[in-house]
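Please load the model in your viewer and keep a selection panel at hand. The stops below go from the whole chain to single residues.

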Amino acid sequence: MNEDWFQLTKGNIYFLFFYNLFFLFVGIILSLAVLADLSLVECYTITSKAIIGGIGFSLIGSTIYYSRKLYKSCINDLIKQPDSKNNNYSLGVLFYFTLRPIFAIAFSILTILLIKGSVNIVTVHETRLNESFIYLSLALSFFSGFSAGKYLTGLDSKGGDLIEKLFSKF
């Protein structure tokens with residue numbers, strides 16, 4: 001496998017480790033706030049708690065996956081030092097790692113929206129969500145964050161087909 005694209009400076013590697021550590025702690029705090037029903041979230045609705053906790057769990061999943069990817073790459077000496085100042089590979093790899101937690105948040109919100117929409121579609125009457133909705137949202141949000149790359153690939157391949165089918169009817 002050609003790993004020539006995987007180029008980062010030592011400073012960028014340190015930045016990414018601290019960046020992921022920061023988002024891991026943010027994710028843990030948000031998740032614990034919802035799971036422990038702390039006073040800062042107890043006044044929120046079930047959906048709001050699911051979104052807050054889902055963001056936390058997606059950040060945990062994303063930072064675990066991409067921190068692991070980064071430290072395994074360091075251990076296996078797969079990261080190359082950029083060979084010139086004009087090398088855009090380093091910038092691309094930096095954005096690859098910094099955008100994944102942000103993508104994870106977006107995918108978490110989309111996942112919760114899909115779950116809530118599915119519940120509303122299959123029920124005849126307006127459904128009142130219970131706390132199980134929160135736990136389902138948290139679990140699926142973790143996986144959407146952990147698998148952000150696969151989620152993105154799936155949206156890219158299936159999303160284009162879906163949009164094309166929807167708008168071909170008009």
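Predicted model: local features only at pLDDT ≥ 70, side-chain atom pairs only at ≥ 80, totals over all residues.

**A tour from the whole chain to single residues**

Residues are numbered from 1 along each chain as its sequence is written, and side-chain values use heavy atoms, with hydrogens and water left out.

Switch to a cartoon view, and the protein chain shows five helices and zero strands, where helices (H or I, at least four residues) and strands (E, at least two) are DSSP runs numbered from the N terminus. Along the principal axes, the C-alpha atoms fill a box of roughly 60 × 50 × 25 Å. If you draw contacts (heavy atoms within 4.5 Å), then among those between residues at least 6 apart in sequence, 84% join residues at least 24 apart. A surface view covers about 10800 Å² of accessible area, with 66% belonging to carbon and sulfur atoms, as computed by the Shrake-Rupley method with a 1.4 Å probe.

Next select residues 131–146, which form helix H4. Its 16 residues should span 22 Å at 1.5 Å a residue, and the 23 Å between its end C-alpha atoms agrees with this; the expected span is 1.5 Å times one less than the number of residues. Within H4, colour the buried residues Phe-133, Ile-134, Ser-137, Leu-138, Ser-141, Ser-144 and Gly-145. Looking down the axis of H4, you will find these buried residues within an arc of 135°, so they line one face of the helix, the arc being that of the directions from the helix axis to the C-beta atoms.

Which residues does Thr-111 touch, not counting residues up to four places away in sequence? They are Leu-140, Ser-144 and Tyr-151. Thr-111 counts as buried because its relative accessibility is 9%.

Finish at Asp-77, in the loop between helix H2 (46–75) and H3. Asp-77 has a positive phi of about 55° although it is not a glycine; most residues other than glycine have a negative phi. At 56% relative accessibility, Asp-77 counts as exposed.

Conventions
Buried < 20%, exposed > 50% of the residue type's maximum accessible area, 1.4 Å probe, protein only.
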